[in-house]
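This note goes through the charged pairs and the nonpolar core, point by point. Please read it with the structure open.

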Amino acid sequence: MLVGNDTPGRKPVLQIDQRGALARYEQELGEERHRQQERERVLWERITAAAPFALTVRTDARSVLDAPLRHAAAAIDLLTGGRRQHPAGRALCEGITHTHLMPLSEPVDAHATCHRCVHAAAVARPADGPEPPTKKERRELERVEAGAVFTVEHTEGPEIRDTSEQSRSPGGDGR
């Protein structure tokens, strides 16, 4: 077993037990980092599969980090929220008001790592597309998809019935 060296000016020597613990700790950190990257990749694949527009991933060409952030960019203008604009070809984390534009690299074959870009990609819609459904409209659409709503054609016109709620009339016809 090695003993710590307390001589001034010299680094202490790690004991053998400490070396093993440090190696196990570094291995666990690496495994956790790998699991986190896999979760991010799966999330990105789900977002791009659900998006009605194509997204590319590009790195910040000016980055001085060891591993530059990977940003999402779309080929069309997008909107998030009520009115936030995201111009085509620019990182989604960059809004229309940025004065210093982020120079982006050519597209890379990887998932986006910029959390703001990932969030914007998940909620973005085409600028010329329809407004997203309201909370009430979303509930109605979910009920239709679940098969709880159907349409009956009458001579007076179509009647939409919701079978998810029990009828309150004595005849059971919902009137």
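**Salt bridges and core**

1. Being 3 residues apart in helix α1 (residues 16–50), E32 and R35 are separated by about one helical turn. Helices here are DSSP runs of H or I with at least four residues, strands are runs of E with at least two, and both are numbered from the N terminus.

2. The model is predicted, so local features need pLDDT of at least 70 and side-chain atom pairs count only at pLDDT 80 or more, while totals for chains, interfaces and linings use all residues. Residues are numbered from 1 along each chain as its sequence is written, and side-chain values use heavy atoms, with hydrogens and water left out.

3. E32 and R35 form a salt bridge, with 2.8 Å between the closest N and O atoms. The term means a side-chain nitrogen of Lys or Arg within 4 Å of a carboxyl oxygen of Asp or Glu. By this rule there are 5 salt bridges. Side chains of opposite charge can pair when their charged atoms come close.

4. How accessible are the two partners? E32 is partly exposed at 35% relative accessibility, and R35 is partly exposed at 41%. Here buried means under 20% relative accessible area, exposed over 50%, and partly exposed in between (1.4 Å probe, protein chains only).

5. Helix α1 also holds E38 and R41, 3 residues apart and separated by about one helical turn. Their side chains meet in a salt bridge at 2.2 Å, N to O. E38 has a relative accessible area of 33% and is partly exposed; R41, at 30%, is partly exposed too.

6. Is the pair R90 and E94 buried or exposed? R90 is buried, with a relative accessible area of 17%, and E94 is buried at 3%. The closest N and O atoms of this salt bridge are 3.5 Å apart. Elsewhere, salt bridges that share partners join E32, R35 and R39 into one network.

7. The largest nonpolar core has 20 residues, of which W44, L55, L92 and C117 touch the most other members. Such a core is a set of buried Ala, Val, Leu, Ile, Met, Phe, Trp, Tyr and Cys residues joined through side-chain atoms within 4.5 Å. At least two residues of this core come from each of α1, β1 (55–59), β2 (70–74) and α2 (115–123). The largest share, 4 residues, is supplied by α2.

8. Which residues does L55 touch? Leaving out residues up to four places away in sequence, L55 touches W44, T48, A73, A74, L92 and A121. Contact means heavy atoms within 4.5 Å.
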